[in-house]
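Reader: I have not looked at this structure before. Please show me how to read its features one at a time.

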Amino acid sequence: MGWKAAEKLIRHWKIVRGDNVMITRGKDKGESGLVKRVVRSQNRIIIEGKNLVKKHIKQGQGHEGGIFTVEAPLHVSNVQILDPVTGKPCKIGTKYLEDGTKVRVSRGIGSSGSIIPRPEILKIRTTPRPTVAGPKDTPIDVVLEKTYDAKRGVGMPDL
């Protein structure tokens, strides 16, 4: 990617995986669905069961070839998030509640101004954390070893 394309990347994403969005442009205009995946390096999102295209896949080791129907990515500017109260597409803003938590709110003409909750699917990791220590992991007893005593100044390297 060149520097001109990198300048156009969205820095602060408002649409996340699991959001309910409506397609505003393209062949599936007016249809709504859940965001399956967000491709931030291309400013695109994939919506479950929408923007289907035929893909020719060559046969290889371990899989068959043929013509498959897959979901193609849509540019993020061609979708809008749905207002949870009215069910209509709206813009997204952010506000801080009294307790200091940052929330997303619906804004724009005809929107309710209600809070748009973060999807529960975001709490589930797409790639699970490893449970077994690998060869490059530091052992737990070395991690917990106390190497510096603040009161006596023992363990401080000579600078």
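**Reading the salt bridges and the core**

Author: The side chains of K50 and E31 form a salt bridge, with an N to O distance of 3.2 Å. Keep in mind that this is a predicted model.

Reader: Which parts of the chain does the pair of K50 and E31 link?

Author: The pair joins distant parts of the chain, 19 residues apart. K50 is in the loop between β3 and β4 (52-57), and E31 is in the loop between β1 and β2 (32-39).

Reader: Why can such side chains pair?

Author: Side chains of opposite charge can pair when their charged atoms come close.

Reader: Is K50 buried or exposed?

Author: The cut-off for buried is under 20% relative accessible area. K50 has 17%, so K50 is buried. E31 has a relative accessible area of 33% and is therefore partly exposed.

Reader: How many salt bridges does a search of the whole structure find?

Author: The search finds 4. One of them is between the side chains of R104 and D19, at 2.9 Å from N to O. That pair also links distant parts of the chain: R104 is in strand β9 (residues 102-107), while D19 is in the loop between α1 (3-7) and β1, 85 residues apart. Both R104 and D19 are buried.

Reader: What is the N to O distance where the side chains of E71 and K36 meet?

Author: The distance in that salt bridge is 2.9 Å. E71 belongs to strand β5 (residues 66-71) and K36 to strand β2, so the pair ties together parts 35 residues apart in sequence. E71 counts as partly exposed at 23% relative accessibility, and K36 counts as partly exposed at 44%.

Reader: Where does N51 lie, and what is N51 in contact with beyond its neighbours within four places in sequence?

Author: N51 lies in the loop between β3 and β4. With those neighbours left aside, the contacts of N51 are K27, D28, V70, E71, A72, P73 and L74. N51 counts as buried, because its relative accessibility is 13%.

Reader: Now the core. Which residues have the most contacts inside the largest nonpolar core?

Author: They are I15, V21, I45, I47, V79 and I81, in a core of 14 residues. At least two residues of this core come from each of β1 (20-23), β3 (44-47), β7 (79-82) and β8 (89-96).

Reader: What is I47 in contact with, leaving aside its neighbours within four places in sequence?

Author: I47 is in contact with V21, I23, G33, L34, K36, E71, L74 and V79. Among them, K36 and E71 are the partners in the 2.9 Å salt bridge described above.

Terms used
Residues numbered from 1 in each chain as written. Predicted model: local features only at pLDDT ≥ 70, side-chain atom pairs only at ≥ 80, totals over all residues. Heavy atoms only, no water. Core = buried A, V, L, I, M, F, W, Y, C linked by side-chain atoms within 4.5 Å. Buried < 20%, exposed > 50% of the residue type's maximum accessible area, 1.4 Å probe, protein only. Helix = DSSP H or I, 4+ residues; strand = E, 2+ residues; numbered from the N terminus. Contact = heavy atoms within 4.5 Å.
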